[in-house]
Every structure is written in C-alpha cells, then in structure tokens.
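Subject: Structure for your files

Hello,

Here is the structure I said I would send. My notes on what turned up follow below it.

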Amino acid sequence: MRRVMVIDTKRCVGCEACVVACKTENRVPAGSYRDWVTQEATGELPNLQLLIRSQRCNHCTNAPCVANCPTGASFYLHDGTVQIDRDLCTGCRACMASCPYDARYVHPEGFVDKCTLCVHRTSKGKPTACEEVCPTSAILTGDLDDPGSLVNLRLKRGDVTVVNPEAGTKPNVFYVG
C-alpha cells in the first residue's frame with residue numbers, strides 16, 4: 001500500500017475548511033498548522049490566473065526528515081506515510097531544517113508535529129478530516145498501489161504536479177491543474 005493525496009487546484013476555492021478541520025481533529029495548538037492554503041497569482045493584466053493550493057507534509061518517498069532524524073522519531077509507516085513517534089522526538093528540529101516544504105512545527109509540549117494524513121482515521125477506513133469537510137471535493141486520499149483506486153484513476157488522467165520536484169523527495173501529495 002502507498003497512501004497518497006490528490007488535490008484538485010481547479011476545485012479548491014481557498015475556503016480553508018481543511019485547515020479548520022485539521023486543527024479541530026488533531027487538536028493543533030493556536031498559532032500552529034499541519035496544513036495551510038497558499039495563493040499564487042500568475043500572468044499579466046488582463047490575463048491573470050490564481051492558483052489556490054492546500055499544502056501540508058508531502059509524505060515523501062525519499063523523506064529527508066526521516067533520513068536526518070537522529071532518534072528515529074520520524075519514520076515510514078507501512079502505508080508509506082511519514083509519521084512521528086512523539087515519545088522518541090527530542091525536539092531537536094533536524095527534521096524541520098531538512099524539510100523543503102516547511103511542513104513541521106514544534107508543539108508546545110516539546111515534540112515536532114506535522115500532518116499524519118489522519119492515520120488514526122484512514123487506518124479505520126475513514127477519509128482524512130480535510131477530505132471529509134472539503135465543500136468542493138478537491139481533496140482525495142487513497143492507495144496508489146491499487147490500480148482501481150480513485151487516486152490512481154485521477155492521476156492517470158494527467159495534468160499533475162508536485163511541489164518542489166527539484167528537491168528529489170518524491171512527494172506523495174499531488175496537485176491536479
């Protein structure tokens with residue numbers, strides 16, 4: 001199994017329901033975020049385009065945070081997602097320094113935290129909190145190794161990008177559009 005996320009930027013309206021759902025579901029402290037929404041304007045007047053993107057940990061196949069964690073607190077779960085063992089984390093921030101996506105933060109209790117792709121939900125067959133609340137169904141998670149999965153079928157249609165491909169991390173969050 002290889003759990004991935006596909007986000008359709010043509011459907012995302014930047015409402016930040018995903019951010020609120022994540023903060024609520026995971027009890028993320030005030031001022032910290034496991035996911036966030038970015039907006040990028042391109043083009044010249046009168047032909048402007050706005051790219052809205054919900055971003056988070058990319059659960060990379062070649063994750064520098066895992067490679068650089070001195071305690072083994074950052075690790076790969078059986079589904080390919082990158083997780084953090086809070087009990088092993090010393091809060092040294094080596095993972096934060098090595099992440100090209102700036103997707104981690106230090107929790108007030110001293111450990112580093114980030115998006116887990118709601119492993120506590122997906123392991124029970126439920127969608128991630130952000131996927132469940134997205135009013136435009138722009139967020140989709142699933143098993144890339146399953147040829148019939150919705151994520152696999154959507155990615156086969158093309159027009160897919162990742163953030164910072166030049167980092168060589170092989171991200172598992174894909175953007176359509």
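A salt bridge here is a side-chain nitrogen of Lys or Arg within 4 Å of a carboxyl oxygen of Asp or Glu. By that definition, E25, R121 and E132 are linked in a network of salt bridges. Please keep in mind that this is a predicted model.

The structure holds 8 salt bridges. Three further pairs may be of use to you.

K10 and D159 form a salt bridge, with their closest N and O atoms 3.2 Å apart. K10 sits in the loop between β1 and α1, and D159 in the loop between α6 and β9, so this pair ties together parts that are 149 residues apart in sequence. K10 counts as exposed, at 63% relative accessibility, while D159 is partly exposed at 45%.

R34 pairs with D113 in a salt bridge, the closest N and O atoms being 3.0 Å apart. Because R34 lies in the loop between α1 and β2 and D113 in strand β7, the bridge joins parts 79 residues apart in sequence. R34 is buried, at 4% relative accessibility, and D113 is buried at 5%.

D35 and R56 meet in a salt bridge of 3.1 Å, N to O. D35 belongs to strand β2 and R56 to strand β3, so the pair ties together parts that are 21 residues apart in sequence. Both D35 and R56 are buried.

On the strands: an open sheet of 4 strands runs in the order β8-β1-β10-β9, with mixed pairing. β8 and β9 stand at the edges with a single partner strand each, so one side of each has no neighbour in the sheet. β1 and β8 pair in the antiparallel sense over 5 bridges, and the bridge partner of M5 in β8 is T141.

Regards

Technical notes: Residues are numbered from 1 along each chain as its sequence is written. This is a predicted model: local features need pLDDT of at least 70, side-chain atom pairs count only at pLDDT 80 or more; totals for chains, interfaces and linings use all residues. Side-chain values use heavy atoms; hydrogens and water are left out. Two strands pair if DSSP finds at least two bridges between them. Helices (H or I, at least four residues) and strands (E, at least two) are DSSP runs, numbered from the N terminus. Buried means under 20% relative accessible area, exposed over 50%, partly exposed in between (1.4 Å probe, protein chains only).
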